[in-house]
Amino acid sequence: MYSAKVMEHFQNPRNVGEIKDADGVGEIGNAVCGDIMKLYIKVKENRILDAKFKTFGCGAAIATSSMVTELVIGKTLEEAEKISRDTVAEALDGLPPIKMHCSNLAADALHKAIEDYRSKKRIKEQK
Amino acid sequence: MKKVYLDHNATTPVHPEVLEVMLPYFKEKFGNPSSIHGFGREAKVALEEARERVASLLGASSNEIFFTCGGTESDNLAVKGTAYANRKKGLHIITSKIEHHAILESCKFLEKEGFVITYLPVDSLGVVDPKELGKAIREDTTLVSIMYVNNEVGSIQLIEELSKITKEKEIYFHTDAVQAMGKIPINVKKLNNIDMLSMSGHKINGPKGVGAIFIRKGVRITPWSHGGHHERSRRAGTENVPGIVGFAKALELAVRDVEDQNKHLKELTEIFYRKLTEAIPDVILNGDLNQRVFNTLNLSFKGVEGESMILSLDLKGVAVASGSACTSGTLEPSHVLSAMWIAPEIAQGAIRFSFGRDNTMEDVEYVASILPEMVSRLRSMSPLYAKEK
């Protein structure tokens, strides 16, 4: 049911882990629906230098998490913001229909992480 | 790659002896039992012999056995058939929260038709308390349907006690015994308060597409499929003769071997459980080690989601099932585990290992040897496990 690319990312996920001094963290999902994703980003001069994730979830949840970190590293925040759920699914050669809404949360976690980075930055600047 | 099948509660392989007795009824003995010529009579004899065999294996009489296309059809007939036949007496039906969807969806259908359904709770081990049944019975209750054995956690229900309560109140008692056949000796003469009992072929090393229902003499039931006068007008449609012949054989083997199989499966699953709990921290048993059918073990590995475990095991040739939402096509974890008050993140990680007669100690050792690494790999990715440790 999964594409070869999904299975490959499931078996060898990229960028698993946490970033201790992350500049932005995005968490999404809940245990009732079955997927919880936490995405960490390191930002320098408006560019994402590093991204790591931790995910509790199905094969699709793990593969989309892995893929989003791969897509995002090296991108400017504006470029990263353009990454959507569809971008991630396409990069994985598609996802089964039922997984498109329930487990394709990685792009949302990314957007939350960027939002988190920006709000932290605003607070710093106000100080 | 080594292959290990541990999903026998989903389906089982057809036993070679079963297949052998079925084959002639696809080929030279293909007749329709309703035909009066020689071909038909030959099929009719086979059909009635199968019925007699099934009846005697269950302690029933042959006119109390009706063949269906499987457990789901038997459950539909029992629930909807008695609900409609007895609607003048009342519209209230009692079942449990952990039934198979064949029962639950039949009940939901009846709710739309104006019937009232009570769904009994279960305790944390997945067992219905007979006291709860006593409390739920009303003047207008016509049917109680409680499964014999739960398919997800293997919990065994107190069928004797439950059916005694309904008998005293003159309410019909049905049990879905699909997961109990071949694991618990069943005799309806002994269990004399049971009015109906559903069975399935493919869970007992018989073929798919065939099952049966025991309907005790005198039970008022409305047929649910209409057509010819097959199955004494309770179930229209030309009988699946090869399937029925195979089903009777499968039941014969299941009944014959029940003690040996229980011993075998108890040993396998207990050793499997011990090996896993020794090698892996935070393994949670969903259900009870003793109050269960011995082939079923439902385990959660804290911090790990079920589908990712199924995929990991599948890559190593091991077939299991899960209570996770991802595998059920819904967005919620298993209704059975939820009814047992198991937390969503534990329910999402539940893995059902269901063993069968062909499994060996070698299978146990293989699966137990590959699981620790899988669990620790997935835990290293999990935000839930890191939080706790």
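Helices (H or I, at least four residues) and strands (E, at least two) are runs assigned by DSSP and numbered from the N terminus. The model described here is predicted, so local features need pLDDT of at least 70 and side-chain atom pairs count only at pLDDT 80 or more, while totals for chains, interfaces and linings use all residues. Residues are numbered from 1 along each chain as its sequence is written, chains are lettered from A in the order in which they are written, and side-chain values use heavy atoms, without hydrogens and water.

**Salt bridges**

Side chains of opposite charge can pair when their charged atoms come close. A salt bridge is a side-chain nitrogen of Lys or Arg within 4 Å of a carboxyl oxygen of Asp or Glu. By this rule there are 30 salt bridges over all chains. Three of them are given below.

| Pair | N to O distance |
|---|---|
| Lys42(A) and Asp21(A) | 3.4 Å |
| Glu231(B) and Arg51(B) | 2.8 Å |
| Lys108(B) and Glu105(B) | 3.2 Å |

Lys42(A) belongs to strand 2 (residues 35-44) of chain A and Asp21(A) to the loop between helix 1 (4-11) and strand 1 (24-30), so this pair ties together parts 21 residues apart in sequence.

Buried means under 20% relative accessible area, exposed over 50%, and partly exposed in between (1.4 Å probe, protein chains only). Glu231(B) counts as buried because its relative accessibility is 4%, and Arg51(B) is buried at 8%.

Lys108(B) and Glu105(B) both lie in helix 4 (residues 101-112) of chain B, three residues apart, about one turn of the helix. Lys108(B) is partly exposed at 42%, and Glu105(B) is partly exposed at 41%.

**A pocket in chain B**

A pocket is an open set of points on a 1 Å grid over the protein atoms alone, where a 1.4 Å probe fits, with protein on both sides within 12 Å along at least five of seven lines; lining residues have an atom within 4 Å of a point. The second largest pocket holds about 330 Å³ of space. It is lined by 20 residues, and those closest to its centre are Tyr148(B), Ile184(B), Pro185(B), Ile186(B) and Leu191(B). At least two lining residues come from each of helix 2 (38-58), helix 6 (159-168) and helix 7 (241-279) of chain B.

Methods
Points joined across faces, edges and corners; volume = space filled by probe spheres on them.
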